Amino acid sequence: ASIGHLTALTGLELTGNKLAALPASFGQLAALTHLWLDRNQLAALPASFGQLTALQDLRLSRASAFAW
């Protein structure tokens, strides 16, 4: 199953999970308004992130590998 099938999901906290990447299907989470990715090892966000037009709260603090 793909996370992209959770189209009614409005909030997701993935803090401190040592994530290095997110699937491209994240862009299908059209209802997502809050996404917390603090303390992970993400180097980039998938291009599909631009499709998250409802997103109001994105947290990336201490994302050590993120290329600002």
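I began with leucine 29 and looked up its contacts, contact meaning heavy atoms within 4.5 Å. Once its neighbours within four places in sequence are left aside, leucine 29 touches Ile3, Gly4, Leu6 and Leu52. Before going on I noted that this is a predicted model, in which local features need pLDDT of at least 70 and side-chain atom pairs count only at pLDDT 80 or more, while totals for chains, interfaces and linings use all residues. I also noted that residues are numbered from 1 along each chain as its sequence is written, and that side-chain values use heavy atoms, with hydrogens and water left out.

**Entry on the core.** Which residues make up the largest nonpolar core? I needed the term first: a nonpolar core is a set of buried Ala, Val, Leu, Ile, Met, Phe, Trp, Tyr and Cys residues joined through side-chain atoms within 4.5 Å. Buried stands for under 20% relative accessible area, exposed for over 50%, and partly exposed for what lies in between, with a 1.4 Å probe and protein chains only. The largest such core has 12 residues, and I wrote them down as Leu12, Leu14, Leu22, Phe26, Leu29, Leu32, Leu35, Leu37, Leu42, Phe49, Leu52 and Leu60.

**Entry on the aromatic pair.** Rings of Phe, Tyr and Trp (its six-membered ring) pair if their centres lie within 6.5 Å, and planes under 30 degrees apart count as stacked, over 60 as edge-to-face and the rest as tilted. By this rule I found one aromatic pair. The ring centres of phenylalanine 26 and phenylalanine 49 are 6.2 Å apart and their planes stand at 15°, so this pair is stacked. Because phenylalanine 26 lies in the loop between β1 and β2 and phenylalanine 49 in the loop between β2 and β3, the pair ties together parts that are 23 residues apart in sequence; the strands named here are DSSP runs (E, at least two residues; helices are H or I, at least four), numbered from the N terminus. Phenylalanine 26 counts as buried because its relative accessibility is 2%, and phenylalanine 49 counts as buried at 12%.

**Entry on serine 48.** Serine 48 is in the loop between β2 (34-36) and β3 (57-59). Is serine 48 buried or exposed? Its relative accessibility is 12%, so serine 48 counts as buried. Beyond its neighbours within four places in sequence, serine 48 is in contact with Ala24, Phe26 and Gly27.

**Entry on the sheet.** Two strands pair if DSSP finds at least two bridges between them. Here three strands form an open sheet in the order β1-β2-β3, with parallel pairing. The strands at the edges are β1 (11-13) and β3, each of which pairs on one side only. I joined β1 to β2 in my sketch by three bridges, the two strands running parallel, and I marked glycine 11 opposite histidine 34 in β2.

**Entry on tryptophan 36.** Tryptophan 36 is a residue of strand β2, and it counts as partly exposed because its relative accessible area is 26%. With its neighbours within four places in sequence left aside, tryptophan 36 is in contact with Leu12, Glu13, Leu14, Thr15, Asp57 and Arg59.

**Entry on the salt bridge.** How many salt bridges does the structure hold? With a salt bridge taken as a side-chain nitrogen of Lys or Arg within 4 Å of a carboxyl oxygen of Asp or Glu, the structure holds one. Aspartate 57 forms a salt bridge with arginine 59, and the closest N and O atoms are 3.3 Å apart. Aspartate 57 counts as buried at 16% relative accessibility, whereas arginine 59 counts as partly exposed at 35%.

**Entry on backbone angles.** Most residues other than glycine have a negative phi. Lysine 18, although not a glycine, has a positive phi of about 60°; lysine 18 is in the loop between β1 and β2 and is exposed, with a relative accessible area of 64%. Arginine 39 also has a positive phi, near 55°, and lies in the loop between β2 and β3, where it is partly exposed with a relative accessible area of 42%.
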